[in-house]
Amino acid sequence: MRSISIFGATGSVGQSTLDLVRRNRDEWRVVALTANGNVAELAALAREFRPEVAVVADAGCEALLAHALAGEGIAVAAGEAALVEAAKLGADVTMAAIVGCAGLAPTMAAIECGKTVALANKESLVAAGELMMAAARASGATILPVDSEHNAIFQCLSGDLDRVAKITLTASGGPFRTFSHNEMGSVTPEQAVAHPNWSMGAKISVDSATMMNKGLELIEAYHLFPVGLARLDIIVHPQSVVHSMVEYVDGSTIAQLGPADMRVPIASALAWPDRMATPCSPLDLAKLARLEFEAPDFERFPALTLARAAIAEGGGRPAQLNAANEVAVAAFLDRRIGFLDIAAISARLFDETAPIAPHSLHDVFNLDRESRARAEQLVVTFAKA
């Protein structure tokens with residue numbers, strides 16, 4: 001029996017992870033479950049899975065959680081420091097699925113324990129990739145990617161990275177793949193969150209619509225698979241069947257195919273280096289009949305250009321991009337700015353400042369805070385335009 005902690009247990013990745021744990025109860029012991037502020041659901045999951053500790057990130061919810069779990073024999077904690085302490089419990093596998101920079105500190109704490117971290121918190125590598133990978137090398141931790149694209153690449157890699165000619169991440173293209181620039185200028189939040197293939201939260205759905213999600217994934221891939229920016233590519237694949245591919249120097253290309261269900265990459269990470277059964281329906285290639293691919297349009301989706309520029313410049317630029325994008329997406333969802341303003345705000349911030357490279361998580365948090373503050377100012381400017 002292996003132990004597992006799930007950070008972000010009430011989110012989509014957390015729920016999918018717990019579904020697999022539920023189907024394999026005799027193989028897993030749950031150490032910690034955490035949520036941001038959904039006390040009722042966290043308490044219900046804690047009663048079902050009996051973790052050592054349940055942690056709510058919102059410190060103001062601690063009394064509610066303690067009341068909900070009174071008499072259950074489950075420790076209760078709250079706040080950012082409690083998340084870090086829960087990560088230090090050293091579960092064999094930590095599912096890092098907290099959304100946003102709130103996941104940075106607990107993810108780093110889990111990495112420093114030297115165990116296995118199943119990484120679904122993309123901000124960890126976008127904002128602090130060099131720090132996280134250095135910590136993993138120092139502790140001997142294994143980082144297993146959970147994002148479908150990075151997990152696909154991980155499955156396709158074999159042998160020396162020097163033999164890799166190109167790594168290609170696939171992108172669905174989002175709901176506005178065929179929209180003109182003018183049409184995208186008038187899209188609504190409701191349209192942007194309606195992803196054609198995947199069931200995701202509002203923020204990541206908007207990121208998919210702008211293709212910033214793929215840009216952030218490119219930054220992740222740069223750290224996870226150190227082949228250099230020149231050997232990283234993106235291709236649009238509307239069906240989301242081929243999740244990514246690796247081309248080798250001999251001309252061979254190995255691709256990973258599967259249903260659009262996050263339980264597949266999660267199962268790959270949980271069972272690695274083995275495999276585990278999932279309830280996901282296998283592909284029916286005859287029914288699919290054909291697979292379509294097209295080059296991304298960097299003019300209609302400038303987020304891709306911003307991401308490549310952030311990688312090329314390095315330092316604090318990726319963290320700045322992530323922060324500005326989060327602020328802009330929230331403003332769009334609040335109907336304060338238009339859809340095209342999301343990437344434009346990040347581009348404006350790039351033009352204004354050149355952040356220094358962070359040397360610690362403290363530096364990352366400072367840069368994140370400064371970038372968010374300026375992005376909020378830009379939101380006001382764009383809203384008035």
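Figure 1. The coordinates belong to a predicted model, in which local features need pLDDT of at least 70, side-chain atom pairs count only at pLDDT 80 or more, and totals for chains, interfaces and linings use all residues. Residues are numbered from 1 along each chain as its sequence is written, and side-chain values use heavy atoms, with hydrogens and water left out. Strand β8 covers residues 164–171 and joins β10 (residues 242–248) in the antiparallel sense through five bridges. With β9 (residues 232–236), β8 pairs in the parallel sense, again over five bridges; here T170 stands opposite I235. Two strands pair if DSSP finds at least two bridges between them. Helices (H or I, at least four residues) and strands (E, at least two) are DSSP runs, numbered from the N terminus. Six of the eight residues of β8 are buried, and the strand is mostly covered. Buried means under 20% relative accessible area, exposed over 50%, and partly exposed in between (1.4 Å probe, protein chains only).

**Figure 2. The open sheet of seven strands.** The strands follow the order β4-β3-β2-β1-β5-β6-β7, and their pairing is parallel. At the edges stand β4 (75–78) and β7 (142–145), each with a single partner strand, so one side of each is left without a neighbour in the sheet. Neighbouring strands are turned by 20° against each other on average, direction ignored. For such angles, axes are lines fitted to C-alpha atoms, for helices over the stretch in contact, and angles run from 0 to 180 degrees between N-to-C directions. Within the sheet, β1 (residues 2–7) and β2 (residues 28–35) run parallel and are joined by six bridges. The bridge partner of I4 in β2 is V30.

**Figure 3. Helix α11 and its surroundings.** Helix α11 comprises 13 residues, 212–224, and reaches 18 Å from its first C-alpha to its last, close to the 18 Å expected at 1.5 Å a residue. The expected span is 1.5 Å times one less than the number of residues. Twelve of the 13 residues are buried, so α11 is largely enclosed by the rest of the structure. Among the buried residues are M212, L216, L218, I219 and L224, together with K214, E217 and E220.

**Figure 4. The two cavities.** Two cavities of 30 Å³ or more are present in the structure. On a 1 Å grid over the protein atoms alone, a cavity is a set of points where a 1.4 Å probe fits but cannot get out, whereas a pocket is an open set with protein on both sides within 12 Å along at least five of seven lines; lining residues have an atom within 4 Å of a point. Grid points are joined across faces, edges and corners, and a volume is the space filled by probe spheres set on the points. The largest cavity holds about 50 Å³ of space. Its lining consists of S148, N151, Q155, H243, Q256, G258, P259, V264 and P265. Two or more of these residues come from each of α7 (148–156) and α12 (263–271); α7 gives the most, with three. By class, three lining residues are nonpolar, six polar and none charged. Here Ala, Val, Leu, Ile, Met, Phe, Trp, Tyr, Cys and Pro count as nonpolar, Asp, Glu, Lys and Arg as charged, and the others, Gly among them, as polar. The second largest cavity contains about 30 Å³. F7, T94, A96, A97, I98, G103, P106 and T107 line the second largest cavity, with two or more residues from each of β5 (93–96) and α5 (104–112).

**Figure 5. The second largest pocket.** This pocket has a volume of about 240 Å³. Of its 17 lining residues, P259, V264, R275, M276 and T278 lie nearest the centre. Helix α12 gives the most to the lining, with four residues. The lining of the second largest pocket has nine nonpolar, six polar and two charged residues.

Figure 6. Most residues other than glycine have a negative phi, and most peptide bonds are trans. The bond from W272 to P273 is cis, with omega near 5°; P273 is found in the loop between α12 and α13 (285–288). R50 has a positive phi of about 55° and is found in the loop between α2 (39–49) and β3 (53–56). R50 is partly exposed, with a relative accessible area of 41%. R335 has a positive phi of about 65° and lies in the loop between α15 (317–333) and α16 (341–352). R335 counts as exposed at 52% relative accessibility.
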